[in-house]
Amino acid sequence: MRVLLLPVLLAGALGSTASARATPASQTATDTLPVWMAGCWEQRRGDRITREDWTAPLGGMMFGLSVTLRGDSARAWEFLRIAPGERGPAYHASPSGQAPTTFAWADAGPDWIVFEDPQHDFPQRIRYERLGADSLRALVGTMDGTRGFEVRWGRRDC
């Protein structure tokens, strides 16, 4: 996964959600899980492949696995889970065997969902968006949008 600095894009997409919280979003924290994320996704950039696979909801949760490959070597991997939290669905990430970090539900709409943990060093905010039936994007960065990267996946066969 190639890291891209996108300060202008991320400032808008990952910046404060205070205005979004002032106006009710089209989806609330108690609505269903982001079922549109279910499936197998892949990004290819040169010799680097990033895959992220999500289950359909199982027992009120969704489970994911992310793997970044360079050639035949796994460079990074992460176990993911979206499960009920205090404010709604929470995103749990366990990168490369580390203890999980929990990102609380922040906001959502019919085709996007945002999770955040302002106390975490990096990332602090994760936004997933459906960009059509066969495209998924994640914007990963800081609360103020000054640091981050984007990953775009296309749907692949599972």
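**View 1. Tryptophan 105 and its bridge partner in E7.** Tryptophan 105 has phenylalanine 115 as its bridge partner in E7. Strands E6 (residues 101-109) and E7 (residues 112-116) run antiparallel and are joined by five bridges. Strands are DSSP runs of at least two E residues, numbered from the N terminus, and two strands pair if DSSP finds at least two bridges between them. The model is predicted: local features need pLDDT of at least 70, side-chain atom pairs count only at pLDDT 80 or more, and totals for chains, interfaces and linings use all residues. Residues are numbered from 1 along each chain as its sequence is written, and side-chain values use heavy atoms, with hydrogens and water left out.

**View 2. The barrel.** Ten strands close into a barrel with antiparallel pairing, in the order E1-E2-E3-E4-E5-E6-E7-E8-E9-E10. From one strand to the next the twist averages 25 degrees; axes are lines fitted to C-alpha atoms, and angles run from 0 to 180 degrees between N-to-C directions.

**View 3. Strand E1 and its two partners.** In strand E1 (residues 39-45), five of the seven residues are buried, that is, under 20% relative accessible area, where exposed means over 50% and partly exposed lies in between (1.4 Å probe, protein chains only). Seven bridges pair E1 with E2 in the antiparallel sense, and arginine 45 stands opposite arginine 48 in E2. The hairpin of E1 and E2 has two residues between the strands, and glycine 46 takes a positive phi near 65 degrees there. E1 also runs antiparallel to E10, to which three bridges join it. Arginine 156 in E10 is the bridge partner of cysteine 40.

**View 4. The disulfide of cysteine 40 and cysteine 158.** The structure holds one disulfide, a term for a pair of cysteine sulfur atoms within 2.5 Å. The sulfur atoms of cysteine 40 and cysteine 158 are 1.9 Å apart. This pair links distant parts of the chain, with cysteine 40 in strand E1 and cysteine 158 in the segment after E10, 118 residues apart. The torsion about the S-S bond is about 115 degrees, so the disulfide is right-handed. Cysteine 40 is buried at a relative accessible area of 7%, whereas cysteine 158 is exposed at 77%.

**View 5. Aromatic pairs around tyrosine 128.** The whole structure has eight aromatic pairs; rings of Phe, Tyr and Trp (its six-membered ring) pair if their centres lie within 6.5 Å, with planes under 30 degrees apart counted as stacked, over 60 as edge-to-face and the rest as tilted. Tryptophan 54 and tyrosine 128 are edge-to-face, 6.2 Å centre to centre with 90 degrees between the planes. Tryptophan 54 lies in strand E2 (residues 48-54) and tyrosine 128 in strand E8 (residues 125-130), so this pair ties together parts 74 residues apart in sequence. Tyrosine 128 and tryptophan 153 are stacked, with 6.2 Å between centres and 10 degrees between planes. Tryptophan 153 is in strand E10 (residues 148-156), 25 residues from tyrosine 128. Tryptophan 54 and tyrosine 128 are both buried, and so is tryptophan 153. One aromatic cluster is formed by Trp54, Tyr91, Phe103, Phe115, Tyr128 and Trp153.

**View 6. Surroundings of serine 135.** Serine 135 is in strand E9 (residues 135-141) and counts as buried at 19% relative accessibility. Apart from neighbours within four places in sequence, serine 135 is in contact with Trp41, Glu129, Arg130 and Trp153; contact means heavy atoms within 4.5 Å.

Conventions. Helices (H or I, at least four residues) and strands (E, at least two) are DSSP runs, numbered from the N terminus.
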